Amino acid sequence: MNGVSPVSGSGRLVLAATPLGDIRDASARLVEALGTADVIAAEDTRRLHSLAAALQVKPSGRVISFYDQVEQARLPGLVESLRAGETVLLVTDAGMPSVSDPGYRLVAACVEADIRVTCLPGPSAVTTALALSGLPSDRFAFDGFPPRKSGERKRWFAPLATEQRTVVFFEAPHRLAATLADAVEVLGPDRAAAVCRELTKTYEEVVRGSLAELAAWAVEGARGEITVVLGPAPVPDTPDLETLVAEVKQRVADGERMKSAAAEVAEAAGVSKKTLYDAAVKSS
């Protein structure tokens with residue numbers, strides 16, 4: 001656990017959420033930070049300048065590119081700027097930096113160097129889609145982007161067959177239909193889900209239904225930024241104790257020891273071994 005105070009005289013890294021589409025979602029703190037930061041590290045500098053122009057603010061600091069391919073190379077220079085006492089503002093094209101966007105490595109480098117990291121909260125496609133999906137939101141997981149190849153994608157989906165949390169993931173529009181088809185094959189046609197498209201933008205659309213219904217809808221093609229919300233797996237039915245006891249007694253009649261038979265049946269059914277064994281003994 002990192003509990004060390006930031007080094008004396010060091011600057012700070014500010015992670016700033018940017019609008020998903022509607023410029024009015026920009027916070028007053030974002031506008032202020034754009035105008036005062038010593039360095040702005042932007043996933044796309046052109047989009048950063050467009051954002052600043054729309055917000056009627058002129059960046060006073062240096063603007064540098066900070067996308068996936070240059071992230072590692074930019075780290076030493078940014079850490080040096082922070083050590084020199086400068087404020088570095090990190091923004092990505094939309095939403096929260098480091099959430100399937102550049103940022104994680106820079107935050108980790110700052111943590112390692114005991115440099116202060118703070119955040120200007122704001123729009124997030126993950127939580128926005130989750131809220132709009134109509135699916136359970138008390139427990140959820142975010143899984144980034146699925147693999148591009150079908151075989152790897154099916155293996156990626158496999159652990160979600162029993163996932164009891166709602167799962168949110170991103171997908172490119174040109175791969176959506178194939179991804180949903182793979183999900184149907186691995187997770188079954190009836191799993192509840194939602195596809196959220198172009199969140200907060202003019203053509204925002206949320207399509208809810210079963211995986212089979214969404215896969216059929218996606219065949220026609222979908223455009224824009226895509227966020228998929230997958231509902232929890234159905235809770236498997238647990239046989240009642242009387243049925244399990246009968247199974248144990250049948251196995252004992254076939255020659256198994258009571259203790260081992262009860263243990264195996266209990267493990268398969270997901271119930272307490274002791275409870276089942278005691279019930280089987282009592283009914284004998």
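A residue is called buried here when its relative accessible area is under 20%, and exposed when that area is over 50%, with partly exposed lying in between. The model described is a predicted one.

**Two residues of one loop**

The loop between strand S6 (140-142) and H6 holds Pro 146, and Asp 143 is found in the loop between S6 and H6 as well. Because its relative accessibility is 4%, Pro 146 counts as buried, whereas Asp 143, at 31% relative accessibility, counts as partly exposed. Not counting residues up to four places away in sequence, Pro 146 touches Arg 153, Trp 156, Phe 169, Phe 170, Glu 171 and Thr 179. With neighbours within four places in sequence left aside, Asp 143 is in contact with Trp 156, Leu 160, Val 167, Val 168 and Phe 169. The table sets out one C-alpha to C-alpha separation for each of these two loop residues.

| Residue pair | Apart in sequence | C-alpha to C-alpha |
|---|---|---|
| Pro 146 and Phe 157 | 11 residues | 8.3 Å |
| Asp 143 and Gly 21 | 122 residues | 22 Å |

In soluble globular proteins, nonpolar side chains tend to be buried together. The largest nonpolar core in this model has 20 residues, and those with the most contacts inside it are Leu 176 and Leu 180. At least two residues of this core come from each of helix H6 (150-157), strand S7 (166-171), helix H7 (176-187), strand S8 (192-197), helix H8 (211-218) and strand S10 (226-230). Leu 180, leaving aside its neighbours within four places in sequence, is in contact with Val 195, Leu 211, Leu 214, Ala 215 and Ala 218. Apart from this core lies another, of 17 residues, which includes Val 14, Ala 37, Ala 42 and Leu 55.

**The parallel sheet and its helices**

An open sheet is formed by 5 strands in the order S3-S2-S4-S1-S5, and the pairing is parallel. S3 and strand S5 (116-120) stand at the edges with a single partner strand each, so one side of each is left without a neighbour in the sheet. On average, and with direction ignored, neighbouring strands of this sheet are turned by 20 degrees against each other. S1 and S5 run parallel and are joined by 5 bridges, and Leu 15 stands opposite Cys 119 in S5. H4 packs on the sheet, where it touches S1, S4 and S5, and its direction makes about 150 degrees with that of S1. Helix H2 (residues 45-54) lies across S2, S3 and S4, and runs at about 140 degrees to S3.

Helix H3 (residues 71-83) has 13 residues and reaches 18 Å from its first C-alpha to its last, close to the 18 Å expected at 1.5 Å a residue. The buried residues of H3 are Glu 71, Leu 75, Leu 78, Val 79, Ser 81 and Leu 82, and they pack against strand S1 (12-16), strand S2 (39-42), strand S3 (62-65), strand S4 (87-91) and helix H4 (104-112). Following H3 is Gly 85, whose phi is positive, near 100 degrees.

**A helix with a buried side**

In helix H11 (residues 273-283), the buried residues are Leu 276, Ala 279 and Ala 280. They cover an arc of only 100 degrees around the axis, which means that they are on the same side of H11. What covers the buried residues of H11 includes helix H9 (241-253) and helix H10 (258-269), while the face of H11 turned away from its buried side carries the exposed residues Lys 274 and Lys 282.

Methods. Residues numbered from 1 in each chain as written. Predicted model: local features only at pLDDT ≥ 70, side-chain atom pairs only at ≥ 80, totals over all residues. Heavy atoms only, no water. Helix = DSSP H or I, 4+ residues; strand = E, 2+ residues; numbered from the N terminus. Expected span 1.5 Å × (residues − 1). Buried < 20%, exposed > 50% of the residue type's maximum accessible area, 1.4 Å probe, protein only. Contact = heavy atoms within 4.5 Å. Core = buried A, V, L, I, M, F, W, Y, C linked by side-chain atoms within 4.5 Å. Pairing = 2+ DSSP bridges. Axes fitted to C-alpha atoms, helices over the stretch in contact; angles between N-to-C directions. Arc of directions from axis to C-beta.
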